[in-house]
Amino acid sequence: MVTALSSAKRRTMVDRRKHRVVSSSAVRVILLVAILAGSGRQLAFAQEGTVLGMEGSRFTLNGTPTFLLGLSYYGGLGASEEFLRQDLDDAQRYGFNWLRVWATWESFGTDVSAVDRHGQPRPPYFDKLQRLVAECDRRGLAVDVTLTRGKESPTGAAAGRLPDFDSHQRAVEAVVIALKRHRNWFLDLANERDVRDDRYVPPAELKTLRELVRRLDPSRLVTASCGGHDLDEQDVRDALLTAELDFLSPHRPRNVESPSQTAARTRACFDLMKQIGRVVPVLFQEPFRRGYTKWEPTSADFMTDLRGAVAGGAAGWCFHNGAQTDTVDKQPRRSFDLHDKRLFDQLDKEEQQVAAAAGMIVRPMRN
């Protein structure tokens, strides 16, 4: 009797252990499936590198809605590899996640354009553009690659400019094909394209350039910036309905009232988009800067502008910087000339405060 009971108990104990093993295995399988399902998108992004995208009125980085906090790095193709590495280290340390570099840039007698006046690749700077985008891709940073229209000079040297539509088309094709494998960058087809000087690109030409990018690289994000004013309904229609750009990149007025107006102007821009039936991200790509006019914005002005952009629902904001206009040698030249000094070594005290504080303003949006 005792032996029989003992055997029954042993069988029961074995069955329970088997049940626990099966249950534990099932739980592990369920957890593994859940983990893979939840992280599949991240795994895909890890294989592809850094992926810049859009969801409604926001940008995404690797699938996560992200406020783009950037900085002007216009002459980046003239920076040494060491300067670039140090600047990117500092940018990431402060919380910046994108930078704006020009593929058509000339300043202070030096042309660092990635393409020539015919729109053809221009060594060694075309190669440097590819390396810069690749390095940012590796680091998880987005890049704004900007082109600009401009007439030839009397000498025939259109340094840093594309003099006509044909050269513009060739430049777009060259840049898009060369950088196609990287998903971390977007293209500004034409800087301040609506300013009625040599920069002007008519909406019809802009539409053709946008269609060219779509044929070459269907998922590439494309914009074309507007200069020096807040957008009206026609500006929004030209950008979103005629040219079919992916997002808006207005360059607001640069005056002492500007910082306090940014939140309201951003909301007004969204109201216009709702009226025409298409809402996209708003990127403040080139706000005011120091050294440009008699008005020298303080760090508080920059912070007010950034907070206004966030409060108004903008998807990104750039810490703009450039050469000093009221000195003989235009020093500090900041992002306009990175040959002799790197960017973060050229920022003045007010700008250093902006660099250190900007990331803290947008950090809650990334948590």
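Predicted model: local features only at pLDDT ≥ 70, side-chain atom pairs only at ≥ 80, totals over all residues.
Residues are numbered from 1 along each chain as its sequence is written, and side-chain values use heavy atoms, with hydrogens and water left out.

**Helix packing**

Helices (H or I, at least four residues) and strands (E, at least two) are DSSP runs, numbered from the N terminus. Axes are lines fitted to C-alpha atoms, for helices over the stretch in contact; angles run from 0 to 180 degrees between N-to-C directions.

| Pair | Angle | Axis distance |
|---|---|---|
| Helix 7 (residues 258-276) and helix 8 (residues 299-312) | about 20° | 7 Å |
| Helix 4 (residues 165-179) and helix 5 (residues 203-216) | about 25° | 10 Å |

The angle of about 20° makes helix 7 roughly parallel to helix 8 (under 35 degrees; over 145 is roughly antiparallel, 65 to 115 roughly perpendicular, the rest oblique). Contact means heavy atoms within 4.5 Å. On the helix 7 side, the contact residues include Ser258, Pro259, Thr266 and Phe270. Helix 8 contributes, among them, Asp301, Thr304, Gly308 and Ala311. By class, this contact has five nonpolar, seven polar and three charged residues. Ala, Val, Leu, Ile, Met, Phe, Trp, Tyr, Cys and Pro count as nonpolar, Asp, Glu, Lys and Arg as charged, and the others, Gly among them, as polar.

Helix 4 is roughly parallel to helix 5. Their crossing is right-handed. The contact divides into eight nonpolar, three polar and two charged residues.

Three strands form an open sheet in the order 1-2-3, with antiparallel pairing (strands pair if DSSP finds at least two bridges between them). Strand 1 (52-55) and strand 3 (64-66) are the edge strands, each pairing on one side only. The twist averages 45° from one strand to the next. Strand 1 joins strand 2 (residues 58-61) over four bridges. Gly53 stands opposite Thr60 in strand 2.

**Aromatic pairs**

The whole structure holds 13 aromatic pairs (ring centres of Phe, Tyr and Trp, its six-membered ring, within 6.5 Å). One joins Trp98 and Phe186: the centres lie 6.1 Å apart and the planes stand at 45°, so the pair is tilted (under 30 degrees is stacked, over 60 edge-to-face, the rest tilted). Trp98 lies in strand 5 (residues 98-102) and Phe186 in strand 9 (residues 185-188), 88 residues apart.

Technical notes
Left-handed = near helix turned anticlockwise from the far one by under 90°.
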